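Please look over the model shown below before reading on. The points that follow take up a few places in turn.

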Amino acid sequence: MMFPVRLRQRAAGSWLLLCALSLPLPLAAQTHAGTTDGWTPALSMRYRTIQGTAVSPDGERVAYVVREPVMEGDQSEWRSQIWLVAADGSRNVQYTRGEESASSPSFSPDGRLLAFTSSRSGERQVWILPVDGGEAWQLTDAESGVSSFRWSPDGARIAYTMRDPETEAEKKAKEEKRYVIVVDQDFKYNHLYVVDLEPDTAGEREARRLTEGAFHVTSFDWSPDGRSIIFARQPDPRLDTGYRYGDIAVVSVEGGAPKPLVTWDGVDGDPLYSPDGRWIAFVSTGERPEPVGLGDVYVVPAEGGAPRRLAETPDRNARLIGWSADGESVYVTEPVGTTRQVLAVPLDGSPVHAVTEGEGVFGSVSIAADGSRMAFTFETPATPADVYISPVADFSMTRLTDVNRDIPRPPMGRTELVHWTSKDGTPVEGLLTYPVGYREGQRVPLILNVHGGPAGVFTQSFTGGPSIYMLQYFAQEGFAVLRPNPRGSTGYGKEFRYANVEDWGYGDFEDLMSGVDHVIAMGVAHPDSLLLMGWSYGGYMTSFAVTRTDRFKAASMGAGLPDLISMVTTTDIGRYLEAHMGGPFWEDYETYQKHSAIYHIEDVHTPTQVIHGAEDLRVPFTQGQEFYRALRRLGVPTEMIVLPRTPHGPREPKLLMEVSPRILAWFTKHLRGGGVAVN
């Protein structure tokens, strides 16, 4: 999500150079100079990630998706393939191959077939693969590709969503180069279709359209008897619309108009039928929209009636996984502090209880049809994600894979959870990664890394894998990295998540700086060697922090938004930003200006690097450009790095690898001294 981050400079080069004489060099400069061993962006890129699991109905097999980069020659892309492993860890086999990715595996109800999506024939389609051997064959022929799909309960059909294709007139206009885009008009909606696995007498498989009209289907589920489909919808496909509107309706598989089921003013999504078909579970903001973020679990009778809220989850930010086999509980996953856990929410309204336990991140959860077992990924700061399986009722993890066994694992900078109290007494926590080879009592340069969102969260995920910020690379080079979860973060409940509304750059800033002071007090961070970086909302905080303090020797603003007035009128999530500012800017210019770094730009003299994607619509490119141009005019050391073809964060592996080394070079330069930007 977004987000997801004064005195004019005089003789800056000489001042920085003099200060550099007393600054400690990174450990890498002391102990690793001239070596090529250890953590590098190239090594981190070699670590494979797992993007999803699907457990067979009997719980005896698990399909999972392995993603890795392809960077040979002019290639710079990610490729995913599907593997199958037995529940006892034996017979771990790659099931799909080729130059096109395969993803979203799903077993048929009898477990004999595996459906998945791939673009091997052009647009993304559903393919079917016999589990016990045979060639994959293409099921769908969706003109604009399949967005999502689900098996029918009897396994005879698959329902899927497809975005409305271009009309013949639109195609012709494009061919003749006279096609224009009319903003916020002529939307292409996701709608529901059903296709049979068995061909008709003519050997064809013709998909039947179930929904049409001016609404956008976002998620759906089959009824247990296969006669109807429950779905969530919103008025149009815009992301900003999804913060304000969303209801639930049901449609017969035989056709006919959808029947509204939940239509109150709140935003509703992710509906799931109970095993007996009597209830629909869904996530909702309740009786009104909550653009800042809220997701409570509700149930409603399948035949209609008043929704009923179940017990609150710890963060009130649940994502539905499925029902228990007996229909007595709904399983959800959500952040809990710096972990991610699986929780059971009882239908009778009694308190939520944990299914998983322990430190780390549980993700990509799938539950067997009989409810006995669940498959999932698990990772910690020191161990990359692998596939595990466990009984649902009596949690006990068994690891099934070791997808990175052939990748070197040099000594790592250890990561620990740290706690502190902010200036106003607010308790805050975060993750501190030490330099590789850190010796107790040694003071080192500290990088403050701010997450996006603002309702993002730093969790206990693997620190050695590919990322915008390659944490072990910085640790290898002698830097400690503090990743705080300040007010506004998810994982700590609704009140904490809402605590920075109309307070961006102030209370959250104090949370961050109190964390920095805590690491200094621990004897780890050198007070004269502080650095700052963050992406999106983290970029916002970077821009705002350098207007409020001169403590950082250098900063790197990634996809930052220093001008909230121009931001709110150009981003694709303006209403989300507006909710945090308390209303539209034309009703309260002062609030927007107060929280915008660009209106305090004369107070900046921290050397600040600007990094931005050329095709970013979430935080438009001009946000980075505004800050960079203003800094240059003021004579503040700066540089701007533009990532071509890049939306809100680098997608191409080679561009991803460019970010951390450029930040490191900027930081190292200004720890030792630097020059004045040329106007």
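**Notes on the predicted model**

1. Bear in mind that the model is a predicted one.

2. Where does proline 199 sit? Its place is the loop that runs between β11 and β12, the latter being residues 208-209. Once its neighbours within four places in sequence are set aside, proline 199 is in contact with Glu204 and Arg205.

3. Proline 199 can also be placed relative to glycine 73. The two are 126 residues apart in sequence, and from C-alpha to C-alpha they are 43 Å apart in space.

4. Valine 183 lies in another stretch to check, the loop between α4 (168-175) and β11 (190-196). Is valine 183 buried or exposed? Valine 183 is exposed, because its relative accessible area is 63% and the cut-off for exposed is over 50%.

5. Val183 belongs to a nonpolar patch on the surface, together with Tyr179 and Ile181. The accessible area of Tyr179, Ile181 and Val183 together is about 340 Å².

6. The next point concerns a pair of helices. Two packed helices are described by the distance between their axes and by the angle between those axes. For α8 (residues 507-521) and α9 (residues 537-548), the axes come within 11 Å and cross at roughly 85°. Helix α8 is therefore roughly perpendicular to α9, since angles of 65 to 115 degrees count as such.

7. Which residues meet where α8 and α9 come together? From α8 there are Asp508, Phe509, Glu510 and Leu512, and they meet Tyr537, Met541, Ala545 and Arg548 of α9.

Key
Residues are numbered from 1 along each chain as its sequence is written. This is a predicted model: local features need pLDDT of at least 70, side-chain atom pairs count only at pLDDT 80 or more; totals for chains, interfaces and linings use all residues. Side-chain values use heavy atoms; hydrogens and water are left out. Patches are made of residues with over 30% relative accessible area and no salt bridge: like charges are joined within 9 Å, nonpolar side chains (Val, Leu, Ile, Met, Phe, Trp, Tyr) within 5 Å. Accessible areas come from the Shrake-Rupley method with a 1.4 Å probe; for residues, only the protein chains shown count as cover. A salt bridge is a side-chain nitrogen of Lys or Arg within 4 Å of a carboxyl oxygen of Asp or Glu. Helices (H or I, at least four residues) and strands (E, at least two) are DSSP runs, numbered from the N terminus. Buried means under 20% relative accessible area, exposed over 50%, partly exposed in between (1.4 Å probe, protein chains only). Contact means heavy atoms within 4.5 Å. Axes are lines fitted to C-alpha atoms, for helices over the stretch in contact, and angles run from 0 to 180 degrees between N-to-C directions. Angles under 35 degrees count as roughly parallel, over 145 as roughly antiparallel, 65 to 115 as roughly perpendicular and the rest as oblique.
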